[in-house]
Amino acid sequence: MFTGLGAAFAIGALGYDLGSLLEMGPGYVPFALGLVLAGLGLATVAKAYLAPDPDLGEAPADAAVSDATGVDDAVPEDAVAEHAVSDADALDPRPLAGIQWRPTVAIFAAVTFFAVTVDGLGLLLATFGTGLLAALARQGTGPVRALVIAAGLTLASWVIFVVLLQLRLALLGDWLGG
């Protein structure tokens, strides 16, 4: 998926002027990020195929010893217990069992909230709401901590985009008369 999306963005960026490293055109950053994303996808696939499978580990050396007659010597009970795989360690056959739904839904909601409200609420309130929703992704984040995270994210966004980069962004959106 990463490789496909990265390649699509890189190919799409070729329709714009790339420019040079010192004078970047509008297609330079999408092209570079597309290549990076495609590279990460290829690295993930390579790692999946080249990394050793932890489930195919070697049996313990003292598990069973066969003599010339083909009769196995007895294995001590505690040696078997050390190497036994419990039911909790086994992989769950359900395809969506390992997904942590709370952070997945909270981060998706935060990104969606920002995309839908940034024009109407403006940078400050949309970023604050996004920070609150993103703070809910972590189990145990209390309301005070969530407010501090949202306020810090809002302040950092204002400093970076408005003060340092001097972008003309509406601090208060159309819904608030901004």
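Reply: Let us begin with length in this predicted model. The expected span of a helix is 1.5 Å times one less than its number of residues. Helix α1 covers residues 2–13, which makes 12 residues. From its first C-alpha to its last, α1 reaches 16 Å, close to the 16 Å expected.

Me: Which residues of α1 are buried?

Reply: A residue is called buried when its relative accessible area is under 20%. In α1 the buried residues are Gly-6, Ala-10 and Ala-13. Viewed down the helix axis, they fall within an arc of 65°, so they line one face of α1.

Me: What do the buried residues of α1 pack against?

Reply: They pack against α2, which spans 28–50. Gly-6 counts as buried because its relative accessibility is 0%. Leaving aside neighbours within four places in sequence, Gly-6 is in contact with Gly-34, Leu-35, Leu-37 and Ala-38. The C-alpha atoms of Gly-6 and Gly-34 are separated by 4.0 Å, although the two residues lie 28 residues apart along the chain.

Me: How far apart are the end C-alpha atoms of α4, and what would a straight helix reach?

Reply: Helix α4, residues 101–135, has 35 residues. A straight helix would reach 51 Å at 1.5 Å a residue, but the end C-alpha atoms of α4 are only 14 Å apart.

Me: Where is the kink in α4 centred?

Reply: The kink is centred on Gly-122 and amounts to about 135°.

Notes:
Residues are numbered from 1 along each chain as its sequence is written. This is a predicted model: local features need pLDDT of at least 70, side-chain atom pairs count only at pLDDT 80 or more; totals for chains, interfaces and linings use all residues. Side-chain values use heavy atoms; hydrogens and water are left out. Helices (H or I, at least four residues) and strands (E, at least two) are DSSP runs, numbered from the N terminus. Buried means under 20% relative accessible area, exposed over 50%, partly exposed in between (1.4 Å probe, protein chains only). The arc is that of the directions from the helix axis to the C-beta atoms. Contact means heavy atoms within 4.5 Å. The bend at a residue is the angle between axes fitted to the seven residues ending there and the seven starting there.
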